[in-house]
Amino acid sequence: MQDVSFYDDLETRSADQRAKDLRTALPDQIGRARAMAGYAATLQDVDPMAIRTPEDLASLPVLRKSDLGAAQKAAPPFGGFTSGVSQFSHIFQSPGPIYEPGSHDSKDWWRFARFLHAAGFTSSDVVQNCFSYHLTPAGIMFENGAIALGAGVLPAGTGQTELQVRAAADIGCTAYAGTPDYLKIILDKADEMGERLRFTKAAVGGGALFPSLRQEYADRGISCLQCYGTADLGNIAYESAAQEGMIVDEGVIIEIVTPGTGDPVAEGEVGEVLVTTLNPDYPLIRFATGDLSAIMPGKSPCGRTNMRIKGWMGRADQTTKIKGMFVRPEQVAALVAKHDEIVKARVIAGRAGEQDTMTVQIEATGGDAEVFGKTVQEVLKLRGAVEIVAPGALPKDGLVIEDTRSYD
């Protein structure tokens, strides 16, 4: 499948051209971040010119949401990760609380126009934007993207479904933006009210778009595509009409790493999504999303040439309580680091009778189970059975802690 129209030339760059552009953009961004107080402890000794490729990023520390929250408490509202507060037109709040900056004055600051364009949105559309405008930035993210395309926007927000139907019918809204399932609620209410709505396209996020729901929309004549983004980072990746994975946005760099570490995994293997933004106003470097995904090989049939990921595949935070103690992915990573022979480890929480059990499967090129067992007790603070398996034997599913207990 070949798109006849792209948002801009960035989408169809050759691999060589994209790499060349990044060799300039990435050191510039590292330099901006290095000058900010929030990065004083982690990037102060980093030479920006040494970070010129995505692979070079692996030498830098991971920035986690918890780090951001702690920094914001010490230096509100943004923890020293921006050059100031006055440059932003909006400040948002996510649970935690975590505060995110935004700029409504800057054209498409969150980079959603690219996704909306891929979803078929044009200047002829009137977009019913059903993302929230209250405290969180989703509503304005999609509004900015639609306005950048020249589309009109009904800032509908959430709830009041009958009024949503009334507005959609009276205004003649042609495109929907919102969570995947809320469009069905609007359509079903319209059927109940005897109204025929004019939606032909939908851009969704913030939840799972199940194939059956996508098909139901298609049966109603509505093309529905999804994206992956966060309040901190804006748009990260998006579907095109090809519907084969999600194409990474041109304004970010994605790494897939072993959960709890910053160590990249092999292409196709599931791991945690780290994102480095190229946004000069808010340079987040190796920001851990806490989400799982995997890199897809090859390029999209639509003609866009950037890396693709498989989309959201669960949460990387696999923290599990075993025998009354929490075991965290970071501890599993520390266990692996204790022995040169260990390639990978997986903690399996089970149940025998009325008691929790813990088995630690260790991929290793050698070593002794008894020695590894002592390290398990030292690092995880729990005794557990140790099974040594051959390198490559553990599943490549992103799990470092697997809970097999039944809670029924």
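Predicted model: local features only at pLDDT ≥ 70, side-chain atom pairs only at ≥ 80, totals over all residues.
Now select residues 342–352 and 355–364. These are strand 17 and strand 18, which run antiparallel and are joined by 10 bridges. For a landmark in this pair, show Arg 346, which stands opposite Gln 361 in strand 18.

Next stop: strand 6. Select residues 201–204 and look at both faces, which are covered. Lys 201 and Ala 203 are buried on one side, and Ala 202 and Val 204 are buried on the other.

Bring in the neighbours of strand 6. Strand 5 (residues 175–178) runs parallel to strand 6, with 4 bridges joining them, and Ala 175 has Lys 201 as its bridge partner. Show helix 7 (residues 182–193) as well: together with strand 5 and strand 6 it makes a right-handed β-α-β unit. Strand 7 (residues 223–230) is also parallel to strand 6 and joined to it by 4 bridges; here Lys 201 stands opposite Ser 223.

Last, zoom to Ser 103, in the loop between strand 2 (98–102) and helix 4 (113–118). Is Ser 103 buried or exposed? Ser 103 counts as buried because its relative accessible area is 8%, under the 20% cut-off. Leaving aside residues up to four places away in sequence, Ser 103 touches Ser 89, Trp 109, Trp 110 and Asn 144.

Notes: Residues numbered from 1 in each chain as written. Heavy atoms only, no water. Helix = DSSP H or I, 4+ residues; strand = E, 2+ residues; numbered from the N terminus. Buried < 20%, exposed > 50% of the residue type's maximum accessible area, 1.4 Å probe, protein only. Contact = heavy atoms within 4.5 Å. Pairing = 2+ DSSP bridges. Right-handed = clockwise from strand over helix to strand, strands pointing away.
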